[in-house]
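Please look at the sequence and the model below before reading on. The briefing covers the overall build, the helix pair and the salt bridges.

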Amino acid sequence: MVKIYIVDLSVMCLIGIYPEERTKKQKLIFNIEINSSSIDHSKDDIAKTIDYSKIENDIVLFVENSNFFLIETLANEIANNILKDCRVELVRVRIDKPEALKYSMSAAIEIEKRKSN
């Protein structure tokens, strides 16, 4: 099993349920874990693995153009998009929303999704 990580990806987007949250974009921090057992380790070829640069770019583009109320829904959609790659078997998406709470550094959600057979 190969695990690929995208760590502390910072993206600005419109997110939140309160009226004051709907007026300007907020920073979200993404941590993604992608699991696959169908990557060919013996080849030094990007076509034989999962291109994490492409995944990062896809996430940024998707998130910057999104308009969700809940980070839970956003995490679910990102996980579903990553699972479309036939080599991905399991994905974990964690989203931190800094400054969402008065006394805490962040509120966060983590979702784990496995490819259904």
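Read along the sequence, the chain follows the pattern β-β-α-β-α-β-β. That pattern holds two helices and five strands; helices (H or I, at least four residues) and strands (E, at least two) are DSSP runs, numbered from the N terminus. The model is predicted, so local features need pLDDT of at least 70 and side-chain atom pairs count only at pLDDT 80 or more, while totals for chains, interfaces and linings use all residues. Residues are numbered from 1 along each chain as its sequence is written, and side-chain values use heavy atoms, with hydrogens and water left out.

**Overall build**

- The C-alpha trace of the chain spans about 50 × 25 × 20 Å along its principal axes.
- The chain has 117 residues, of which 36% count as buried. Buried means under 20% relative accessible area, exposed means over 50%, and partly exposed lies in between (1.4 Å probe, protein chains only).
- Contact means heavy atoms within 4.5 Å. Among contacts between residues at least 6 apart in sequence, 60% join residues at least 24 apart.

**The helix pair**

- Two packed helices are described by the angle between their axes and the distance between the axes.
- Helix α1 (residues 52-64) packs with helix α2 (residues 71-83) at an angle of about 140 degrees, and their axes are 11 Å apart. Axes are lines fitted to C-alpha atoms, for helices over the stretch in contact, and angles run from 0 to 180 degrees between N-to-C directions.
- On the α1 side, Ile55, Ile59, Phe62 and Val63 take part in the contact; they meet Leu74, Glu77, Ile78, Asn81 and Ile82 in α2.
- By class, the contact of α1 with α2 has seven nonpolar, one polar and one charged residues. Ala, Val, Leu, Ile, Met, Phe, Trp, Tyr, Cys and Pro count as nonpolar, Asp, Glu, Lys and Arg as charged, and the others, Gly among them, as polar.

**Salt bridges**

- The whole structure contains seven salt bridges. A salt bridge is a side-chain nitrogen of Lys or Arg within 4 Å of a carboxyl oxygen of Asp or Glu.
- Lys3, Glu33, Arg92 and Glu112 are linked in a network of salt bridges.
- In one of these bridges, the side chains of Glu33 and Lys3 meet at 3.9 Å, N to O. Glu33 is in strand β2 (residues 26-36) and Lys3 in strand β1 (residues 2-15), 30 residues apart.
- The side chains of Glu33 and Arg92 also meet in a salt bridge, at 2.6 Å, N to O. Because Glu33 lies in strand β2 and Arg92 in strand β4 (residues 90-98), the pair ties together parts that are 59 residues apart in sequence.
- Glu33 counts as buried, at 12% relative accessibility. Lys3 is partly exposed at 44%, and Arg92 is partly exposed at 24%.
- Within helix α1, Lys54 and Asp58 are four residues apart, so about one helical turn separates them. Lys54 forms a salt bridge with Asp58, with the closest N and O atoms 2.7 Å apart. Lys54 is partly exposed, with a relative accessible area of 48%, and Asp58 is partly exposed at 39%.
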